[in-house]
Amino acid sequence: MAVTSIDELPEALLLHILSFLPALNAVRASLVSRRWRNLWRHIPILEFDMSLYHSPPNPLSESRDFFAEFVTQTLLLREHSTPLYSFRLVFNHRDFRRTVTRVNSWIRYAIASGVVFLLLSFEEDLFVKSEEDTDEDETWQKYDFHFSYIRDSTVSHLELDNCRIVWPKSLACDGFSSIRSLYLCHVSVRDRVLCSVVSSCVNLEFLSLSCISYLRNFKIHSQSLKELELELFNIRRKDVGSLDIYAPNLHRIIFDRFSVAEYCSRDLSSLVEANVVFLDDGHEDFNCEVLQLLTGVKRLTLMHMRFDRHGWDYLIKVSATKHTSVSSAFKSLKFLELKIEYAEYELFEIAAFLELCPGLETLVLDGYGENDFPLLESFKSKPPIFHFPNLKQVKMRNYRRTEKELYVVELLKLHMVVLQKIVAFPREANGETSAPLVLFDSSQ
Amino acid sequence: MARKNRNPVGKNVDPEAQKKKTRTLTLKSSDGQEFSISESAAVLSIAIENMVEDDCAGGVIPLPLVDGGTLARVITYLNKHAEDGASDEEKRKFDEEFVSGMEMGVLFDVVLAANYLDIRGLLREVRRRIADRMKNKSVEWVRKTFHIESDFTPEEEEQMKKEFAWAWEGVDSDVDD
C-alpha cells in the first residue's frame, strides 16, 4: 500500500485529523491546496485557545481583539449544516465587559449547533500582564455562566473553569436531562445553586468539583449519580462546611485533599470503590472523618494517611455507633491500596486500620519518597502486630529493596494465615521497568 | 445479510469468550504474508468480527488493502489490547510508545489500515499523532512533509490570505522544525 502523501487519505480521515488541531491551525491549512481549502468548514470539533495568541510585547487587549475576531469569523463562515460535536474555548477574560456579548453569542451558536461536549475556560492568570494593559479593572469579576443556556440542549458533557454559575431562584428545574457529566473547576457557586444544578440534571452520572469557591455546604442529592470527585476544598474552621450526600447509585467516590467539618450520608448503598488523598501540608489537622462515609466499600485507596489521635478516636466512635462491633467496621473491604513512605508511625496506623477490615484479601503498598533512614531500634523491639485473617495477596509497588520494605515483608510473613503471595514491582529507574519479583509464594 | 447482536468489544463474559481465546485465525496481507492471531484479538477489529460472524472467512481472512509490514504492526496492537490482565494504564502507555516512533509514511499506512479494519482505539491514537505533528506548522511545512503539490497560483494564494486576513493576524509566525 505504502502511502506517501496525506492527500491519498480519504476526506473523512483528513477531517478527523484536522479535528485534533486547534481551530487556528485547521483554518490556516486551507492554504495547502484546493482540496484542503474548505475542509475546515466541516470540522465537527472546534478548539479556540487564546494562549496561542499572546506574544508578550503586544498589549493583551490587542491579542484579545484578534482572538475574538478569529472565533467570530470561524463560526460565521463554517458550514452550518455540519453538526458541531465539541466546542472548547480557552479565554483570558479579565476584561469581560468588552467581550461578554461576543462570548455569549459563541456559546449560543455552539449550543444551537447541537454541541455535545461544551468546555469553557476563563483562566485568570493566563498571561503575565504587560505594562500597556491599561484597561484592566480592579474589580475583576468572573464570567457568568447562566445555567439556563443549556436548557433543552444536546449538551451531555459540560466543563466550566473559572466562572460563576448563575441560577435565579425562580428558574424551573426541568429541561436538563441531556447532561451526563459535569466538571466544575475554580467555579463560584452558592450552596443553593449547586444543590439545584445536581438535582435538576436528572441523568447526571459523573460529577467533579475542584477548587470550588463561595460554597460552604455541599448538598449532593442525586438518583442517577455514579461517580463523584471532590477535590481541593478545605475549611480549617471546625464549625463550618458540610457534605451531605444522597446517591443510592453512586459506585465510586474520590476525595482529593477535601475536608469539611461535617459529613452526612443518607444512602450510599451502591458504593464499592473509594479513593482518598488526605491533606499533606504539615498541619496536624488531618481528619479521617471522611472515612465514616466509606465503611461499605470493597476497594479503598488511601494516600498520605496520617491519623491524628483526635481523628482516630473519632473514627472508632463512629464505627462503633454504626456497627455492632468496631472490628468489622469495614467488613466489605476486600482490596486496600496505601501510598506510604514505610515510616514507623505509618506502620502502626496501618496495623490499627487493618483491625477494622477483617475481610481484606488484597493489600497494595505503593512506596513513595526517598526516605532511606534505617528503622529505629525501638520499633524493631516492639513492632506493630498485623491482623488480617483473610489476606491472600500483597503487592508492593515502586519497590526499592530498602531495609524498611524488607522488614515489612518479614512482618507480613510472620502474621500470615492464608497469605499466598507477595509480589514486588520495582520502581522505574532511568525509564527502565524491571520485571516483578515474587518475594513469597505459599505454593512453593 | 442480517447482523447478529454483538457483544461490546472486550467485554465478553460468556463461554464463547473462552473459545475465542484459544481459536486462532489466519490473516493474509496484500503481499501474501500470513499471520496467526487469536480470535479474541482479531475481533477487536469490527471489520474482521463481521467477516467471522458472517462466516465468509473459511479459515484464512484475506486483507487485500493492507500490506504485510502494516499488518504486523496492527497485530502487535491487537494482541496487546486483547491481553488478559493488561491494565488500562499499561495499554495507554503501550499506545503512546506504539505510535511515537513511527515515521509519517508509516502513520498514514496504519491510519488507513485502522480505518479499513475499523479499529476505533488505534484510529484515534494515530489521528491524534498525525495532528500533533501538524500543530503550529506553516503551510509550506505541511506541504513538504505530506508531499502535497500546491495547485494555487501565487496570486490566488495572496487573494486567499487577504480574504482570510482574520486568520493570519495577531499570532506569531509558525514554528517549523
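# Exercises on the contact of two chains

The area buried between chain A and chain B is about 3900 Å², of which carbon and sulfur atoms give 67%. Buried area is the accessible area (1.4 Å probe) that two parts lose on being put together, summed over both. The model is predicted: local features need pLDDT of at least 70, side-chain atom pairs count only at pLDDT 80 or more, and totals for chains, interfaces and linings use all residues. Residues are numbered from 1 along each chain as its sequence is written, chains are lettered from A and ligands numbered from 1 in the order in which they are written, and side-chain values use heavy atoms, with hydrogens and water left out.

## Exercise 1

Describe the contact of chain A and chain B by its residues and its polar pairs.

*Solution.*

Step 1. Contact means heavy atoms within 4.5 Å. By this rule, 39 residues of chain A and 44 residues of chain B take part.

Step 2. A salt bridge requires a side-chain nitrogen of Lys or Arg within 4 Å of a carboxyl oxygen of Asp or Glu. One salt bridge is counted between the two chains. It joins the side chains of A:Arg34 and B:Glu156, at 2.7 Å from N to O.

Step 3. A polar contact is a pair of N or O atoms within 3.5 Å; within protein, one must be able to donate a hydrogen and the other to accept it, and residues adjacent in sequence count only if both atoms are side-chain atoms. Six residue pairs across the interface of chain A and chain B are in polar contact, both residues at pLDDT 80 or more.

Step 4. Helices (H or I, at least four residues) and strands (E, at least two) are DSSP runs, numbered from the N terminus. On the side of chain A that touches chain B, helices H1 (11–19), H2 (23–28) and H3 (60–77) of chain A each supply at least two residues. H3(A) gives the most, with six residues.

Step 5. Ala, Val, Leu, Ile, Met, Phe, Trp, Tyr, Cys and Pro count as nonpolar, Asp, Glu, Lys and Arg as charged, and the others, Gly among them, as polar. The side of chain A that touches chain B then has 23 nonpolar, nine polar and seven charged residues.

## Exercise 2

Describe how domain 1 and domain 2 of chain B meet.

*Solution.*

Step 1. The domain assignment, automatic or from a database, gives domain 1 (7–134) and domain 2 (139–168) of chain B. Five residues of domain 1 and four residues of domain 2 form the contact.

Step 2. About 340 Å² is buried between these domains of chain B, and carbon and sulfur atoms give 89% of this area. B:Met104, B:Phe108 and B:Met134 supply 83% of the area that domain 1 buries against domain 2, more than any other three residues.

Step 3. The rules find zero salt bridges and zero residue pairs in polar contact (both at pLDDT 80 or more) across this interface of domain 1 and domain 2 of chain B.

## Exercise 3

Are A:Asp152 and A:Asn162 buried or exposed?

*Solution.*

Step 1. Buried means under 20% relative accessible area, exposed over 50%, and partly exposed in between (1.4 Å probe, protein chains only).

Step 2. A:Asp152 lies in the loop between strand S4 (143–146) and strand S5 (157–161) of chain A. Its phi is near 55°, a positive value in a residue other than glycine. With a relative accessible area of 64%, A:Asp152 is exposed.

Step 3. A:Asn162 lies in the loop between S5 and strand S6 (163–166) of chain A. A:Asn162 is not a glycine, yet has a positive phi of about 60°. Its relative accessibility is 7%, so A:Asn162 counts as buried.
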